[in-house]
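Hi there,

Here is the model I promised to pass on. Have a look at it first, and my notes follow below.

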Amino acid sequence: MTALVEAKSVSRHYRMPRNHLLRAPEMLTAVDSASFTLNRGETLGVVGESGSGKSTLARMVMAFEAPDSGEIRFDGTDIHALGASDLRRMRQRFQMIFQDPFGSLDPRRKIGWSIAEPLRVTQSEAPSHKTAEALEQVGLRAADADKYPHEFSGGQRQRIAIARAIVTRPDLIVADEAVSALDVSVQAQILNLLMDLQDELGLAMLFISHDLAVVASICDQLLVMQHGKTLEYGAATQILNAPAHPYTKSLLTAAGA
Amino acid sequence: MKRLPVNLLIGAALVLLVIGAAALSLIWTPHDYTEMNIRGKFGPPSELHWLGTDQLGRDVVSQLMAAARNSMAVALAAVLIGGSIGTALGLLASAIGGWVEDLVMRIADIGFAFPALLFAIMLAAVFGPSLTNAILAISFINIPVFARVARASANQIWTREYVTAAQAAGLTRAAISRDHILPNIAAPIIVQATIEFAVAILAEAALSYLGLGAQPPAPSWGRMLSEAQTLMYLAPQLAIYPGLCIVTAVLGFGLLGDGLRDVTDPRLVRER
Ligand SMILES: Nc1ncnc2c1ncn2[C@@H]1O[C@H](COP(=O)(O)OP(=O)(O)OP(=O)(O)O)[C@@H](O)[C@H]1O
Ligand SMILES: [Mg+2]
């Protein structure tokens, strides 16, 4: 059986702002040959401090930007080699949850409309029962579909964003700091919801956080990044119990473990 | 409920007055504005002619009302045409980005720097003076204005997470422009349209004053003004009335646009 996501030596460089007219602009390596394998139904946690390249990795997995070298295979297909329309169709199978629960929903659209958005890409008339079902799966009511984002709290909005992400029944969800903006009590609720959904729907998750405490509770595997480099990668239990790298140890201490 | 800004209220009142007069003129004016009466020329205000009559004995109020209609129609057409084309170009530039965006915006800069009056005179020289050419000229100067506003506003919306979410869902950039960008830049576009309405009214008056806009007997404040100019010592009121109408309309739409901007621009609201 092929892995759901396979990243092979993925690197991404950015041009730094030119600070000398005659010198070539310096390059910044945001992600330095990262590799991982994510199986169906499993969760890979990516941790690291701010600027370590986590979001860049996520954007490459989501095919928002292409790696400068290396490849990312989704269910055996190199997603960065796909044509635009094939990629668009493939996107039904991997969805994303964002950090800012106030920014990830269009303020001018009813939430039912936003949740059905991924469905409309492949079918002109999105069936409303799917929207209703997704809302109920995240613990909201079907009738909430007719409300606007400003009528909900941050935690509820994050549930709505999750409903949008699962409405196409994807195989993978990429969650970039999906609970970082929430209160601790709400964080736990959302994490529980994600784990429940994962069991129910057989989702794989790429779960990104700067907070090891958050990641530790839900991950099968861990990938620790610093300055774009992979410091550690392996089974979560093993890394948490016997961190090989001092940086991981310091993250553990910071997380209060 | 927040109190509405004063400029919005005054602007709305003036705009209602002008639009009301223009709309009313469609079904009723005190007299036929073309009806001449040489014996009754330069008549003083009376019960029959509220603001008197002009050098040909035509009723001034009726002319002003019909001219309001003309002015509104020209401004509406020009802002709609220039606004739609400009907004579409701005959306396109923002959606595609890269050199296409640079090219569109450079062309818009050139168009922006090009004096409208000069363009109208060129059109008139080539195709002859007409109301249609005046509308085209005013539309043309609106294109870069709206292209800039649309592009700048759209670029902001493109950075929002809900747009990234739409991309993750697999929407094309065209679909995102339609579903998310346009609805979310509607407010600044409407504000700009209101302000450009004022500019268009002034431009129409200027072109008609120069004989490049409405042709006789079509009524126009600008032409009334230029005809009255030669009679300044004889009947200064004939220049004052259309002048006041132009000021009222331009000020009204200008204040309304400013007021709308104050209400809709979140940056300004926060600064208060
Ligand atoms: N579009 C870009 N252009 C230039 N540099 C970028 C770009 N995106 C990211 N970077 C740089 O790449 C590095 C990694 O950024 P990235 O956003 O992936 O980090 P992160 O781990 O997600 O951090 P955070 O926890 O703050 O979200 C940073 O130094 C950042 O400044
Ligand atoms: Mg990040």
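**What I found**

Over all chains, the structure holds 21 salt bridges, where a salt bridge is a side-chain nitrogen of Lys or Arg within 4 Å of a carboxyl oxygen of Asp or Glu. One to look at joins the side chains of A:K229 and A:D32, at 3.6 Å from N to O. Because A:K229 lies in strand β10 (residues 229-235) of chain A and A:D32 in strand β2 of chain A, the pair ties together parts that are 197 residues apart in sequence. Helices (H or I, at least four residues) and strands (E, at least two) are DSSP runs, numbered from the N terminus.

Before going on, some housekeeping. This is a predicted model, in which local features need pLDDT of at least 70 and side-chain atom pairs count only at pLDDT 80 or more, while totals for chains, interfaces and linings use all residues. Residues are numbered from 1 along each chain as its sequence is written, chains are lettered from A and ligands numbered from 1 in the order in which they are written, and side-chain values use heavy atoms, with hydrogens and water left out.

Now to ligand 1. It is surrounded by 13 residues, the closest being A:S50, A:G51, A:K54, A:S55 and A:T56; a residue counts here if one of its heavy atoms lies within 4 Å of the ligand. By class, this shell has 3 nonpolar, 6 polar and 4 charged residues (Ala, Val, Leu, Ile, Met, Phe, Trp, Tyr, Cys and Pro are nonpolar, Asp, Glu, Lys and Arg charged, the others, Gly among them, polar). Helix α1(A) gives the largest share of the shell, 4 residues.

Polar contacts (pairs of N or O atoms within 3.5 Å; within protein, one must be able to donate a hydrogen and the other to accept it, and residues adjacent in sequence count only if both atoms are side-chain atoms) include these:

- A polar side-chain atom of A:T56 is 2.5 Å from an oxygen atom of ligand 1.
- A polar backbone atom of A:G53 is 3.0 Å from an oxygen atom of ligand 1.
- An N or O atom in the side chain of A:R59 is 3.3 Å from a nitrogen atom of ligand 1.

Finally, the interface. Chain A gives 22 residues to the contact and chain B 16, with contact meaning heavy atoms within 4.5 Å. Across this interface of chain A and chain B, the rule finds 0 salt bridges, but 9 residue pairs in polar contact, both at pLDDT 80 or more.

Happy exploring!
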